[in-house]
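Open the model in your viewer and keep the selection tool at hand. The tour goes stop by stop.

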Amino acid sequence: MENNNTRRNFLKQTAILSTGTIIGSSLFNSAFASESALKLENQIPELDTMDFQGNYSLPKLPYAYDALEPHIDKMTMEIHYSKHHQAYVTNLNKAIETLDKNVVEHSKSLESIFGKMSKFPEAIRNNGGGHYNHSLFWSLMKPNGGGTPKGKLGDAITSTFGSFDEFKKQFSDASMKRFGSGWAWLVVQDGKLVIGSTANQDNPLMSLRGKGLKGKPVLALDVWEHAYYLKNQNRRADYIASFWNVVNWEAAETLFNS
Ligand code: MN
């Protein structure tokens, strides 16, 4: 595995270097930039294959802490990823240790746990959700992101909401109206795109009693204050506006098509 990655990285770097050598240094940077963009596209962590064996770890952040500047600031990214997300991972692993061995043996992925959420303790719900949601969130952003979604997802958004602007308005409204901490989502529910939100670290895959949002995530926005307070303080609307500049629509499309 590690050898493969090393080899792949080596080949990639070799390709970039030889391109740079051939076409000259002025084009080297743009060749590198498009290579980076390619690497980011469709980069969804293997969320459905995470095994439930008490050894979760942080997924690699697919860009540098300052890569989303000026929209999302470096310090927020660093603390959000290395402190907040890490804490969900650490506490998820601790929570798994408290479970009956038999339960752990027969529990496969986090997604399968979410499907029978009410049978698990609150710590699994909060920290399992926290780990899953953040892993998804990082992959749904990228430097030089934003713009409009293309392909089948772009078509589905236009036909469901009337226009991309109307979709943005409704998703932003859902993000603003989530009281306290939570997430805004675009999901596929019974074959249709639906916008909604969840509280705390809940997500639309969790089988919970009540009328909560259900469906398969396509887009996610963390609206906890820790996601924006350092840069935007209480101005959640400014943070939501910034988010549209960093959305990784290729990753969202991969989720939509899967
Ligand atoms: Mn967060």
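Which backbone oxygen lies 2.9 Å from a polar atom of the side chain of Asn 127? Select Asn 127 and look: the oxygen belongs to Ala 123. Keep in mind that this is a predicted model.

**Stop 1: around Asn 127**

Stay on Asn 127. This residue sits in helix 6, which covers residues 122–139. Is Asn 127 buried or exposed? Its relative accessible area is 12%. Buried means under 20%, so Asn 127 counts as buried. Now show its contacts, leaving out residues up to four places away in sequence. You will find Ala 87, Tyr 88, Asn 91 and Leu 92.

**Stop 2: the manganese ion**

Select the manganese ion next. Four residues coordinate it: His 80 (NE2), His 134 (NE2), Asp 222 (OD) and His 226 (NE2). The distances run from 1.9 to 2.1 Å. Along the chain, the donors follow the spacing H-x53-H-x87-D-x3-H. Pick out His 80 in helix 3 (residues 74–97) and His 134 in helix 6. These two are 54 residues apart in sequence, so the pair ties together separate parts of the chain. Both His 80 and His 134 are buried.

**Stop 3: two packed helices**

Now select helix 8 (residues 164–177) and helix 10 (residues 236–243). They pack at an angle of about 145°, and their axes are 10 Å apart. The crossing is right-handed. Show side chains at the contact. Helix 8 brings Phe 171, Ser 172, Ser 175 and Met 176. Helix 10 brings Arg 236, Ala 237, Ile 240 and Phe 243. By class, this contact has 5 nonpolar, 2 polar and 1 charged residues.

Methods:
Residues numbered from 1 in each chain as written. Predicted model: local features only at pLDDT ≥ 70, side-chain atom pairs only at ≥ 80, totals over all residues. Heavy atoms only, no water. Helix = DSSP H or I, 4+ residues; strand = E, 2+ residues; numbered from the N terminus. Buried < 20%, exposed > 50% of the residue type's maximum accessible area, 1.4 Å probe, protein only. Polar contact = N/O pair within 3.5 Å; in protein donor to acceptor, adjacent residues only side chain to side chain. Contact = heavy atoms within 4.5 Å. Donors = N, O, S within 2.8 Å, 3.2 Å for Na, K, Ca; no water. Axes fitted to C-alpha atoms, helices over the stretch in contact; angles between N-to-C directions. Left-handed = near helix turned anticlockwise from the far one by under 90°. Nonpolar A, V, L, I, M, F, W, Y, C, P; charged D, E, K, R; others polar.
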